[in-house]
Amino acid sequence: MESELSRIGVSLPDILLDKFDVIINSRGYSSRSEGIRDAIRGYIRYYDWMSDIEGDRAGNITLAYNHNQRGVEDLLANIQHEYTDIIQSTVHLHLDHDHCMEVIILKGEGKRMKAIFENLVRNKGLQHVKLNTIVPAEI
Ligand code: NI
């Protein structure tokens, strides 16, 4: 139940808070607190969904990064070479002079997909790391 309320203090960069305020205003939240509660619920739902990923899956991981950032391309290559059992293909898109997007196409054990995702999402040099999977047997 969510009836008991706790008060917490959170420090955020101004730019992050400004972007958040724009979103909660456009979505009609009555207060910043309500927007933050909803964001936390979404975060929890996402991790609950993530914990259910296992067994045979097909999926992809999409991410973006600035390729001038030292070490980021090496890291990406090293991680991908650890998971050759489930990586079917990788599509690389040069977005502009500095930025790249990569889509890693996966088929195999869902737990292995989560392991790659957790490995990538921990790295501060990579942005917009998203995992999406489907269950082939349920199509
Ligand atoms: Ni590129």
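These are my notebook entries on one predicted protein model.

**Ground rules.** I number residues from 1 along each chain as its sequence is written, and I note that in this predicted model local features need pLDDT of at least 70, side-chain atom pairs count only at pLDDT 80 or more, and totals for chains, interfaces and linings use all residues. For side-chain values I keep to heavy atoms, with hydrogens and water left out.

**Overall build.** Read from the N terminus, their order is α-α-β-α-β-β-α-β. The radius of gyration, at 18 Å, is well over the 14 Å that the globule rule gives for 139 residues, so the protein is more spread out than a compact globule; the radius is taken over C-alpha atoms, and the rule is 2.2 Å times the number of residues to the power 0.38. I also noted that the C-alpha trace spans about 45 × 40 × 25 Å along its principal axes.

**The largest nonpolar core.** Here a nonpolar core is a set of buried Ala, Val, Leu, Ile, Met, Phe, Trp, Tyr and Cys residues joined through side-chain atoms within 4.5 Å. The largest one has 21 residues, of which Ile61, Leu63, Leu106, Ile116, Leu120, Leu126 and Leu131 touch the most other members. At least two residues of this core come from each of strand E1 (56–66), helix H3 (72–82), strand E3 (99–109), helix H4 (110–121) and strand E4 (126–134), and H4 gives the most, with 4 residues. I then followed Leu126, which, leaving aside neighbours within four places in sequence, is in contact with Leu63, Ala64, Tyr65, Val72, Leu75, Leu76 and Leu120.

**Asp98.** Asp98 counts as partly exposed because its relative accessibility is 24%. Not counting residues up to four places away in sequence, Asp98 touches Tyr65, Asn66, His67 and Asn68; from C-alpha to C-alpha, Asp98 and His67 are 6.0 Å apart in space, although 31 residues apart in sequence.

Note on methods: Buried means under 20% relative accessible area, exposed over 50%, partly exposed in between (1.4 Å probe, protein chains only). Contact means heavy atoms within 4.5 Å.
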